[in-house]
Amino acid sequence: MSDLEVFRQETREWLEENCPPSMRSPVIAGEGACWGGRNWIFESEDQQLWMERMGAKGWTAPDWPTEYGGGGLVKAEHKVLKEEMGRIRARSPLDSFGIWMIGPALLKFGSEELKQQHLPPIIRGEIRWCQGYSEPNAGSDLAGLQSKAVDMGDHFIANGQKVWTSYGDKADWMFCLLRTDPEAKKQSGISLMLFDMETPGVTPKPIKLISGSSPFCETFLDDVRVEKDQVVGDVNQGWTIAKYLLTHEREMIGGMGLTGAGSKTLGKIAAQTIGTTDGRLNDLFMRTDVARWEIDAAAFALTVERVTDEAKAGQGIGATSAMLKYYGTELNKRRFETLLKIGGSDDLIWEGDVSNNGWTARTLLRTKGNSIEGGTSEVQLNIIAKNILGLG
Amino acid sequence: MALVLNEEQQMLKESAQGFLSEHAPVAELRAQRDAGSDTGYSSTLWGQMVNMGWAAILVPEEYGGLAFGHVGMAQIVEQSGRTLTASPLLSTAILGVTAINLAGSEDQKTELLGAIAGGELTIALAVDEKIHHDPMQTAMSGEATDDGYVLNGEKRFVVDGSTADKLIVATRTSGSLGDMKGISLFLVDRTAPGVNVQRTQMLDGRNAAIITFKDVEVTADALLGQQDRGFRALSATLDAGNAHLAAELLGIAQESFDRTLQYMKERKQFGALIGSFQALQHRTAHWWSEIEMCKSVVLKVLQSLDEGDVKSPAFVSIAKAKLCEVAELSTNEAIQLHGGIGMTDEYEIGFFIKRARPAQMLFGDYNYHANRFALISGY
């Protein structure tokens, strides 16, 4: 048996023993996801056990170095782990902006002290992070941000207002872009800083969205003390790290065009809801809509696969995240428009069992933000035109 | 299998690129058209392609071929979409080889596949009878006699039908319209008595034909495969054809895009390069994204054919439909963004739309394949 086969065997046995049966079903549209952190209320004992066991093994961040508590897996092993988890339909033990965003940035740009301090609690799901990027007057033009941090000798004092802070009211720490040199060209005077959300002067307020939910906050910063050692990379060099993180974010949001494992295809839903005659959907215009969407969705899923394979093989052009973000989010919006048409008037009902509390309508409304957050579709098209096509 | 080209496929792509852009650029197509060529393609060029082994790519080794697979073959086809190269590659080396290899007897394969690989035989596939593709509606009759069959009927949109040595003809030997069972394939000499070929010149300047069959007598060994059971091989042949048409349309879409992008970096209006206008940048970036989708569906369908994946009919229809949509977008945007010069015959960009439309329609357009995909998917 090769080393990889041994690893697969051991992984399979470990998962069999440690993944509670109730954690072996897919998370659909966020239901049942685990975000961890100081304020997290586990929805079940199994959810807590699963997060803690995976966290202790470092498999919440399988490819991070073991010295910070990560899994230390090489690519092939990481793939085996994913396959073995997929085999028993094990859900992700932990959803985390720490793992997806600030962690990779710390690994690439952070000091040894920052890595030692922040990575282990992220991996164990003990600290939940939020992102302080956008401001009321700095959306698509992010580098125009005005919230500032003033050097007070042994610490900084931050003042200003952030907006669209995902789960700001539930997070423990923030990674935050602040202007540290008001005189410099706008991209050159920004720093990336870390602080505890319990620091005096930090006030997150939830924003209610058209979908009725409040996944985002506006966060007010009033004379917030930030320690000198909590600057990631060098002072005034935050924009480089911010761009790196935005690429990560684009890839994450772009993945929304992929219908997750376990979800039914639009065609199946339409056939069950509307019925078929001689193998054809009874509403022929609906049938065209569904087929058009499914063809485009198949093309998108294959494109995600292709650019991943090209990157592994060292081929391709790279820099495809803007295209995937643009296409994937527009596709996701179309998916929910089609779903609502299939669901008919029942799916317009905002509350109650008939519509699962308006799930389709609320999600449709929420998807409208997909092509705005993390850089609007128009910003993605700008990036493609300038960086890939060379149009100035 | 990873969705990337392997080293040998990459090499073939590069050599096809080099050869076709040197020997068969768009100017060659114009020359053929302006000279009123009888064949719609250059026999000299076809001879060179045969010498490079391109006619043998899909032929199994035991019949003198290279067995290099669909992914390999499509690298040539995609390049010939970029250069708009007219040749019997699709009719003979893809459709002919696939049908004979799937349905033919040992004798037929030995005789015919070797001849195709050696450039001694060209083939045309005669399927359509009406103005829209629908092979299950095959009505042309094949009646059994004591020592063979008599064929009667009419075929249209037979690409290379006015030049091919032999025709592969789908006929109904039993059953009724719409039945899969009862369709048989016959090999018929183009010059056989009772076969009347009328060349139709289409907007792409290549050759095609409407062919009538009046009491055409063929012997029993003209049957390709079993009587009444030809649909499976026909369908697989059409799948291969559509996968390669998708690859050709990808070449057309990419070349239309590349030429337009270049033009946007040269053409000035209002004192600025038109590529600096955001309204055009966004259209172009969207267009580019659509072509990226196309690359993925084309590579996937070719790999699925090489692997004999049971899902390949679905991938065929996904790829052909998507490429029909994006080739239409590409050739239309190319003209619009070129402006007035894009409307002139003198400028080459207008040749791409003229080849794209027949390639889109051949063996089923967007609507045909979206419908087929939906049926396969259970709605």
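Predicted model: local features only at pLDDT ≥ 70, side-chain atom pairs only at ≥ 80, totals over all residues.
Figure 1. H133(B), F157(B) and L203(B) account for 41% of the area that domain 2 of chain B buries against domain 3 of chain B, more than any other three residues. The contact involves 14 residues from domain 2 of chain B and 13 residues from domain 3 of chain B. The centres of these two domains, taken over C-alpha atoms, are 30 Å apart.

**Figure 2. Polar and charged pairs between domain 2 and domain 3 of chain B.** There are 2 salt bridges between the two domains. R206(B) and E248(B) form a salt bridge in which the closest N and O atoms lie 3.9 Å apart. The count of residue pairs in polar contact is 1. On the side of domain 2 of chain B that touches domain 3 of chain B, β3 (148-159) and β5 (183-189) of chain B each give two or more residues. By class, that side has 10 nonpolar, 1 polar and 3 charged residues.

**Figure 3. Interface of chain A and chain B.** The two chains bury about 3,400 Å² between them, 63% of it on carbon and sulfur atoms. Chain A contributes 39 residues to the contact and chain B 38 residues. Across the interface there are 2 salt bridges and 17 residue pairs in polar contact. On the side of chain A that touches chain B, α8(A) gives the most, with 16 residues. That side comprises 20 nonpolar, 8 polar and 11 charged residues.

**Figure 4. Salt bridge between R306(A) and E292(B).** The side chains of the two residues meet at 3.0 Å, N to O.

Notes:
Residues numbered from 1 in each chain as written. Chains lettered and ligands numbered in written order. Heavy atoms only, no water. Contact = heavy atoms within 4.5 Å. Buried area = accessible area lost by both parts, 1.4 Å probe. Salt bridge = Lys/Arg side-chain N within 4 Å of Asp/Glu carboxyl O. Polar contact = N/O pair within 3.5 Å; in protein donor to acceptor, adjacent residues only side chain to side chain. Helix = DSSP H or I, 4+ residues; strand = E, 2+ residues; numbered from the N terminus. Nonpolar A, V, L, I, M, F, W, Y, C, P; charged D, E, K, R; others polar. Domains from an automatic or database assignment.
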